[in-house]
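Subject: Structure for your review, with findings

Dear colleague,

Please find below the structure that I am handing over to you. My findings follow directly after it.

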Amino acid sequence: MNPGVGTVYRWELTKLRYQKRTYLGLGAAAIVPIIFVVAIHFRHNQRGGDFAFASYLTRSGLAVPLVIILFGAVWMFPLITALVAGDIFASEDHNGTLKTIFTRSLERGQIFAGKALAAATYAIAAILLDGTVAVIAGSMQSGFNSLQSLSGTIVSAPKALELVYVSLLVYLIPIGTVVCIGLLLSSITRNSAAAVVGTLMISLLFQLIGILPGLGGTVPYLLSTQFNAWQGLLRTPIDWAPIVRAAWVCAMYGIPSLAAAYLVFLRRDVAGG
Amino acid sequence: MSVSPAESPPPVEVRGLVKRYGDLTAVAGVDITVNTGDVYGYLGPNGAGKTTSLRMMLGLIRPTAGTVRLFGRDPMLSVKALEGVAGFVEAPTFYPYMSGRRNLELLGAFDGHGASARIDEALEIVELSDRARDKVGGYSHGMRQRLGIAAALLRRPNLMLLDEPATGLDPAGMRDMRVLVRRLADQGITVMLSSHLLAEVEELCNKVAIIQAGTIVYEGEIAELKRGGGTSYRLATTDDERALAVCRAQPNIGDVRTDHGRISFTADDAAVAELSQALVEAGALIRVLTPQTMTLEDLFFSLTEGTDGARGERSIAGEHPESAEPAETAR
């Protein structure tokens with residue numbers, strides 16, 4: 001069989017299974033909801049905070065994944081995503097293995113595509129794992145109950161569960177952009193730590209810009225804002241505007257990053273290793 | 001229409017290869033031709049440009065100027081140019097967290113065309129079958145070198161480019177590597193190897209290119225290189241002072257000098273015979289006359305440093321190292 005993008009993709013997933021950072025990221029994605037639920041359990045007599053679904057945390061476990069993705073956007077999910085996206089090219093430099101794989105029968109473009117898909121797959125897995133653990137742990141703590149939407153209407157538990165997963169999918173739009181930024185920094189810096197930290201810093205920078213006085217007009221177009229687009233799904237009727245905006249704003253950041261990463265990877269000299 | 005071997009392009013054809021990094025010229029116009037069946041040594045001091053040019057041959061580095069053709073195809077245009085080509089530059093590298101076998105499975109999958117089916121055979125050839133399930137991170141340098149050869153063999157190559165395959169190996173490892181390269185050559189695989197081990201190159205290779213400061217100072221048969229270097233002799237007589245004068249006066253005797261109490265000179269067989277007679281006639285009877293055939297190492301140092309490496313005293317091309325010309329320039 002002739003090798004192709006699928007070959008690289010499968011082997012990149014295999015390689016991820018051997019690496020500690022994969023388990024570190026997925027482990028964090030799984031354990032944070034559990035810690036969160038334990039915290040709710042011990043603080044159930046106290047009044048909830050002033051944020052979306054805060055008051056529902058003790059009434060429906062389905063509020064738990066939504067609150068976690070709300071706060072996870074600050075640094076947790078960008079970090080988990082960057083752990084692999086920022087490392088996937090840089091680790092080849094670290095191990096000196098680019099020269100090994102570049103002298104086989106695959107074009108550089110195929111290798112790039114396989115790696116990018118693997119990094120995206122890991123990010124998707126981390127978000128869905130986090131959401132699923134949060135639903136299970138939240139339901140065990142607060143029950144599998146109906147949820148009040150942001151418009152005040154009551155949504156049945158099965159419908160709310162569906163909305164939770166669709167929200168997670170919408171959440172993957174800005175996460176995809178973080179993947180692209182991670183790939184770019186991984187490709188440019190050739191250093192895993194620099195790429196992971198750099199990706200996180202860029203995510204935090206977007207949030208910083210959003211709170212700077214005088215820059216309020218930029219807020220709708222910041223990457224950090226797009227992490228809240230899923231909230232449009234929790235309104236009655238559904239507000240598609242933030243979701244549509246998230247799609248093109250994220251594309252605006254993500255596609256140039258991905259294209260630049262591709263060109264750097266394609267044209268780079270492999271002089272080390 | 002099939003192409004006869006005589007018409008088929010050579011395994012390696014490099015013309016005017018240049019690589020510059022800013023102001024630094026790492027490779028300054030390399031021309032190399034490796035023909036089918038050659039075991040070709042690529043020699044040069046550290047930093048001379050060997051590895052950089054090998055990387056360009058494998059398509060890892062984009063040349064500033066010049067062309068590389070492997071069996072007539074340009075490795076910078078497509079990885080398809082590497083069909084039938086395998087090897088490694090500097091130390092072969094693998095994923096340390098996976099086993100040797102797993103690494104080969106990955107590379108076999110990246111090769112396609114049934115390469116994975118050859119893993120057992122390749123491991124057998126490099127004698128790594130017993131350690132194939134251990135993580136590469138725990139392999140010794142020699143084991144990684146052998147795994148590198150195994151990875152190359154998966155591609156069932158017609159041409160192998162090996163960058164210092166014996167570097168860092170213990171004497172037994174070096175011997176094994178030599179045997180392995182010889183075996184590959186016997187199987188009809190064209191081999192191009194760079195090495196610091198000149199005795200090894202002399203033993204294994206039929207051709208060499210010597211690179212110095214990014215430029216090829218010799219390319220051709222080793223035998224021809226040694227012929228070009230001439231044979232030197234050391235002489236002791238009953239009257240060395242008179243013998244020295246006779247040597248200097250004798251035609252076809254070159255590079256006459258005293259060296260550690262002996263007279264040394266270069267000459268061919270006929271000139272030595274004539275010199276013997278002249279010495280007898282002059283009353284300087286020969287006590288010792290020893291031919292000193294130049295080794296590849298002597299010639300290497302002559303070409304790269306302009307001195308006799310063993311004695312560090314003379315240039316085979318002239319008195320001044322900076323004016324030294326190669327015994328034979330690149331084709």
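In chain B, Val208(B) stands opposite Gly220(B), a residue of β9(B). The two strands concerned are β8 (residues 207-212) and β9 (residues 215-221) of chain B, which pair in the antiparallel sense over six bridges. Two residues lie between the strands of this hairpin, and Ala213(B) takes a positive phi near 50 degrees there. Please note that the model is a predicted one.

Chain B as a whole

Chain B contains 10 helices and 13 strands. Of its 331 residues, 46% count as buried. Among the contacts in chain B with a separation of 6 or more, 65% are between residues 24 or more positions apart.

The chain is divided into two domains, domain 1 (12-220) and domain 2 (226-323). Their C-alpha centres lie 39 Å apart. Across the boundary, 10 residues of domain 1 of chain B are in contact with six residues of domain 2 of chain B. The most comes from α6(B), with three residues. By type, the domain 1 side divides into seven nonpolar residues, two polar and one charged.

One open sheet of chain B has three strands in the order β2-β1-β4, with antiparallel pairing. Its edge strands are β2 (24-34) and β4 (65-70) of chain B, each of which pairs on one side only. From one strand to the next, the twist averages 20 degrees. Strand β1 (residues 12-21) of chain B pairs with β4(B) in the antiparallel sense over five bridges, and Glu13(B) stands opposite Arg69(B) in β4(B). Helix α1 (residues 50-57) of chain B lies across β1, β2 and β4 of chain B, and runs at about 120 degrees to β1(B).

Another open sheet has four strands in the order β11-β12-β10-β13 of chain B, again with antiparallel pairing. Here the edge strands are β11 (254-259) and β13 (286-293) of chain B, each pairing on one side only. Direction ignored, neighbouring strands of this sheet are turned by 20 degrees against each other on average. Strands β10 (residues 231-237) and β12 (residues 262-266) of chain B run antiparallel and are joined by four bridges. Within this pair, Tyr233(B) has Phe265(B) in β12(B) as its bridge partner. Helix α8 (residues 240-249) of chain B packs on the sheet and touches β10, β11 and β12 of chain B; its direction makes about 10 degrees with that of β12(B).

A buried arginine

Arg155(B) is placed in the loop between α4 (141-153) and β6 (159-163) of chain B. Is this residue, Arg155(B), buried or exposed? Arg155(B) counts as buried because it has 26 C-beta neighbours inside 10 Å, where 20 or more are required. Beyond its neighbours within four places in sequence, Arg155(B) is in contact with Ala86(B), Asp111(B) and Ala115(B). Gly87(B) is 68 residues from Arg155(B) in sequence, while their C-alpha atoms are 9.6 Å apart in space.

Chain A

Chain A has 11 helices and two strands. Read from the N terminus, its elements run α-α-α-α-α-α-α-β-β-α-α-α-α. The C-alpha trace of chain A spans about 60 × 40 × 30 Å along its principal axes. Of the contacts in chain A between residues at least 6 apart in sequence, 79% join residues at least 24 apart.

The contact between the chains

The contact takes 24 residues from chain A and 22 residues from chain B. On the chain B side, the largest share comes from helix α2 (residues 100-111) of chain B, which gives five residues. The residues of that side divide into 16 nonpolar, three polar and three charged.

Yours sincerely

Definitions and conventions: Residues are numbered from 1 along each chain as its sequence is written. Chains are lettered from A and ligands numbered from 1 in the order in which they are written. This is a predicted model: local features need pLDDT of at least 70, side-chain atom pairs count only at pLDDT 80 or more; totals for chains, interfaces and linings use all residues. Two residues are in contact if their C-beta atoms, placed from the backbone, lie within 7 Å. Ala, Val, Leu, Ile, Met, Phe, Trp, Tyr, Cys and Pro count as nonpolar, Asp, Glu, Lys and Arg as charged, and the others, Gly among them, as polar. A residue is buried if 20 or more other C-beta atoms lie within 10 Å of its own, exposed if 12 or fewer, and partly exposed in between; C-beta atoms are placed from the backbone. Two strands pair if DSSP finds at least two bridges between them. Axes are lines fitted to C-alpha atoms, for helices over the stretch in contact, and angles run from 0 to 180 degrees between N-to-C directions. Domain bounds come from an automatic or database domain assignment.
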